[in-house]
Amino acid sequence: MVGTLQHITFYNGQKMPIVGLGTWQLPLIGMRHSGVEKYLKKSLSGLQVDYVDLYLVHNPIGFQDVDDGGYPKDKDGQVLLDMTTDHISIWKGMEAQVDAGRARSIGLSNFNARQIKRVWQSARIKPANLQVEMHAYFQQRELRAFCRALDITVCAWGPLGTPQIYSFVEKQGGDVSKLPRYDLLGDPVVKRIAQKHGKTTAQVLIRFLMQLEVAVIPKSSNPTRVEENFAVFDFELPPEDMEALEALDKGRKGRLGSEHSQPGSGRHPEWPWFEPY
Ligand SMILES: NC(=O)c1ccc[n+]([C@@H]2O[C@H](COP(=O)([O-])OP(=O)(O)OC[C@H]3O[C@@H](n4cnc5c(N)ncnc54)[C@H](OP(=O)(O)O)[C@@H]3O)[C@@H](O)[C@H]2O)c1
């Protein structure tokens, strides 16, 4: 799979690469022009391939590249930010990777609409894809419409409601009590629809996003669940089920990604989630 381009075709005939297996991201410690080539080359060498299908800027904020490894932190556990992050110069670095044949397509992740528009306006090679948190509790309608207007495909991270986020935030030293407590996989509406179709709640949640024309990358470390999460092409949710799932949207209250995943990150001038979308 790595190094090949695989597509899914949506109902409207639009073809889109399946992202996830062929996708890598510029880490937050690499958020500067020179960091793009440095970190993409590292990924290519680790993967033993010559190019990736899609390379994304992981996040609009930047961290200091002090230890060339994990996230740098001060003695109080606050992440060490690089306040000079410049999206336009980073995007020029991304375009150079396409020119050099190291990435087929380039895109963004976790950028808000204003940040996307600014990159898009200056871009010689337009962002092909946006990867953001998206699930039935956080459906991001405005952002999806915004991306559609700019011809940017959308990919959902956390499509099952990212249930492991609570343990992740704790591990990072973040304040987990600040996050809303959700159990999307156990939601009664999702359960009812799953029962009706003889499917699991995970399959319904994945299928729901697919029918909204969103690419989906559920994560599982369990081979049986990986198979389960792929078995979503043999059923279709009718309009009444889509409507019931659309009604689960909690708007911005549904977001589980936050500055608590990396304590201190909300102080960065490009922190994306203070704006409505
Ligand atoms: N761009 C970004 O900033 C960003 C941020 C977060 C994540 N991501 C990407 O998005 C992918 C998915 O997001 P995510 O991991 O946050 O959330 P997710 O896919 O919504 O949820 C993953 C969790 O659900 C469990 N799970 C998976 N399949 C299941 C099933 N069929 N039934 C019940 N539980 C199931 C997994 O546990 P088991 O492993 O035990 O099955 C895991 O704990 C990640 O792999 C990552 O690559 C990107």
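**Close-up 1. Helix α1, one side and the other.** V36, Y39 and L40 are buried in α1, where buried means that 20 or more other C-beta atoms, placed from the backbone, lie within 10 Å of a residue's own, exposed means 12 or fewer, and partly exposed is in between. They cover an arc of only 105 degrees around the axis, so they sit on the same side of α1; the arc is that of the directions from the helix axis to the C-beta atoms. On the other side of α1, S34, S45 and G46 are exposed. This is a predicted model, in which local features need pLDDT of at least 70, side-chain atom pairs count only at pLDDT 80 or more, and totals for chains, interfaces and linings use all residues. Residues are numbered from 1 along each chain as its sequence is written.

**Close-up 2. The span of α1 and what follows.** Helices (H or I, at least four residues) and strands (E, at least two) are DSSP runs, numbered from the N terminus. With 15 residues (33–47) at 1.5 Å a residue, α1 should span 21 Å, and its end C-alpha atoms are 22 Å apart, which agrees; the expected span is 1.5 Å times one less than the number of residues. Next comes Q48, with a positive phi near 60 degrees.

**Close-up 3. R104 in strand β5.** R104 belongs to β5 (residues 103–109). R104 is partly exposed because 17 other C-beta atoms lie within 10 Å. L54 is 50 residues away from R104 along the chain, yet their C-alpha atoms are separated by 5.9 Å.
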